[in-house]
Each structure stands twice: as structure tokens, then as C-alpha cells.
2 protein chains.
Amino acid sequence: MGFREDLEALVLSCLSTGPAHGYELSKRIRVLSDEVLSVAEGKLYPTLHSLEADGDISAEWVPQGNKPPRKVYELTESGRKTLQRKQSEWHAFTRGVGSVLQNGVKEMKVVI
Amino acid sequence: MGFREDLEALVLSCLSTGPAHGYELSKRIRVLSDEVLSVAEGKLYPTLHSLEADGDISAEWVPQGNKPPRKVYELTESGRKTLQRKQSEWHAFTRGVGSVLQNGVKEMKVVI
DNA sequence: TCAACATACCTCGGTTTTTTATGTATACTG
DNA sequence: CAGTATACATAAAAAACCGAGGTATGTTGA
């Protein structure tokens with residue numbers, strides 16, 4: 001059981017402010033979420049590969065001198081649209097779950 | 001991919017306002033969430049059974065005249081605590097995912 | 001009348017997902 | 001010099017999901 005996030009959405013969001021490589025993305029997600037979310041590598045890399053296959057992100061190997069090269073990802077136009085769609089899904093989802101979980105709880109006003 | 005709700009939390013929340021049977025719970029979740037969430041029966045009944053096994057809900061068969069009897073569930077004390085814990089988890093989860101998804105987005109003020 | 005839908009419970013099994021472990025390689029730190 | 005951090009990746013085992021099926025009765029509408 002338990003709630004599950006959409007890792008694709010998180011990755012796309014992290015890339016919306018600029019390119020990054022996989023390992024950095026996993027750290028960004030951990031830090032941005034204030035240690036609430038942590039991404040297993042066995043899940044992150046396959047997700048990056050499938051996002052790349054879908055054309056939502058593009059990848060480029062960047063050499064690192066004597067260190068092994070990094071695979072740096074960038075958001076594509078298509079990925080930007082996917083991110084927007086997933087953000088809408090997130091809002092609908094939180095509204096839905098929130099309504100059920102606030103069953104019987106006093107009203108809650110949210111002003112954006 | 002996609003976001004996933006914690007069905008146990010939803011069920012416990014729906015039972016916090018009074019007893020109900022399985023089929024009714026599935027409708028409550030659908031209606032309360034404004035049609036955003038729909039629970040497959042193949043998921044609902046096993047969840048009810050495991051909540052019962054864990055002592056979070058108690059069940060009673062209620063005869064219905066000539067109609068087949070209903071299995072009516074009620075929240076236990078333990079279940080009430082579990083619900084509170086899961087509600088906290090939900091808040092932490094939304095804060096975490098929200099922070100990541102609002103990466104780079106203007107501030108959002110929430111007044112409760 | 002009689003098919004279709006709603007109520008009401010339940011299980012099974014193929015597919016998908018997740019998790020955990022393993023693998024490679026370098027650099028830094030105590 | 002062991003342990004941790006960086007940095008990529010896969011693969012097998014475990015878990016979860018979804019859809020389909022099964023049983024049974026009552027109501028509704030064409």
C-alpha cells in the first residue's frame with residue numbers, strides 16, 4: 001500500500017530549470033522534497049531511458065576529463081507538454097484524495 | 001507510472017463517519033473524490049480483508065431479508081490511529097511531491 | 001417479457017512494477 | 001586502506017495491479 005509518486009513527473013520538473021545528469025536528479029529530488037522522497041537507482045535509470053525513448057528528454061554524454069563521462073539530460077518541447085499534463089494530473093489527484101481523506105473534517109479553504 | 005493513492009487510507013477515512021459495506025465504500029470513494037478515483041473491486045475486497053486481519057476494521061454480516069446479506073465494516077480504535085498516521089503520511093507526501101513539482105514556479109500561498 | 005443494469009460479494013492469473021542486489025570505475029576522507 | 005560519494009547500468013526475485021470471471025438477486029425500461 002502507501003502513496004506513490006509519479007517519478008516521470010518529478011524528473012521532468014527537475015529538468016524544467018535546466019539540464020542535469022541522473023545522479024544529480026536523484027539528489028535534487030531528495031533535497032527539494034526535504035528528504036521525504038528518495039529515488040532508488042534501479043528505478044531512476046530505467047525511467048530516464050523510457051523518457052528518452054518517448055522523446056520527452058534528450059541525452060548527451062559529456063566527458064569529464066579523466067573521470068568517467070556523464071549522461072546529461074535536457075527537457076524537450078514534448079517533455080514540457082508532458083510535464084504540464086502531469087502537473088494537472090497531480091492537482092486533480094490531490095483534490096480527489098484530499099476530498100476523501102477530509103471526509104468528515106471541517107472545511108479547508110485554499111487560496112492560491 | 002502515475003500517482004497512486006493509498007486505498008487503505010481512503011477506506012479508513014470513509015469509515016470514520018460510520019459503518020459501511022464494501023460496495024458502498026467503493027461508491028463513496030468515487031463520489032467524494034468527484035469521480036477522480038475509482039476503486040476496482042479486485043482491489044477493494046482484498047484490502048478490506050487485510051484491514052480486517054490487521055484489526056483496523058471489524059466486520060459483521062447483516063441479513064437483508066430475502067436479499068443476500070451484507071458485510072458491514074466498522075472502524076476500530078486501532079484503525080482510528082492508523083487513519084491518523086496515514087493522514088500525516090499524506091500531508092508529508094503532498095508537501096514533498098508539491099515541492100518538487102513547483103520547482104521553479106512562483107510561490108504559492110496556502111491559507112488554512 | 002426479457003435483456004440490461006445495479007446491487008453485492010469474491011477470487012484468480014497474467015502482466016506490470018518495484019525492490020534488492022550486483023556490477024564497473026574513480027576519487028576523496030578519515 | 002576501508003568506507004563513502006560519485007556515476008552509470010542491469011537483472012532477478014518479489015510484490016502489486018488490473019481485468020476478467022464467477023455467483024446471486026432486484027429493478028427498470030424498451
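Start in chain A: select Gly22(A), Leu25(A) and Ser26(A) in α2(A), which meet Glu41(A), Leu44(A), Tyr45(A) and Leu48(A) in α3(A). Contact here requires C-beta atoms, placed from the backbone, within 7 Å. Helices are DSSP runs of H or I with at least four residues and strands are runs of E with at least two, numbered from the N terminus. By class, this helix contact has 4 nonpolar, 2 polar and 1 charged residues. Ala, Val, Leu, Ile, Met, Phe, Trp, Tyr, Cys and Pro count as nonpolar, Asp, Glu, Lys and Arg as charged, and the others, including Gly, as polar.

This is a predicted model, in which local features need pLDDT of at least 70, side-chain atom pairs count only at pLDDT 80 or more, and totals for chains, interfaces and linings use all residues. Residues are numbered from 1 along each chain as its sequence is written, while chains are lettered from A and ligands numbered from 1 in the order in which they are written.

Now show the axes of α2(A), residues 22-32, and α3(A): they come within 10 Å and cross at roughly 120°. Axes are lines fitted to C-alpha atoms, for helices over the stretch in contact, with angles from 0 to 180 degrees between N-to-C directions. The angle therefore makes α2(A) oblique to α3(A).

Next, select DNA strand D and the 20 residues that surround it; the closest are His21(A), Gly22(A), Tyr23(A), Gly42(A) and Gly42(B). A residue is near a strand if its C-beta atom, placed from the backbone, lies within 6 Å of it. Elements giving two or more residues to this surface are α2, α3 and β3 (67-75) of chain A, with α3 and β3 of chain B. The most come from α3(A), with 6 residues. The surface near DNA strand D has 6 nonpolar, 6 polar and 8 charged residues.

Move to DNA strand C. The classes near DNA strand C are 4 nonpolar, 5 polar and 8 charged.

Finally, colour the two protein chains separately. How many residues does the contact take from chain B and from chain A? The contact takes 39 from chain B and 39 from chain A. On the chain B side, α4(B) gives the most, with 12 residues.

Notes
Two residues are in contact if their C-beta atoms, placed from the backbone, lie within 7 Å. Angles under 35 degrees count as roughly parallel, over 145 as roughly antiparallel, 65 to 115 as roughly perpendicular and the rest as oblique.
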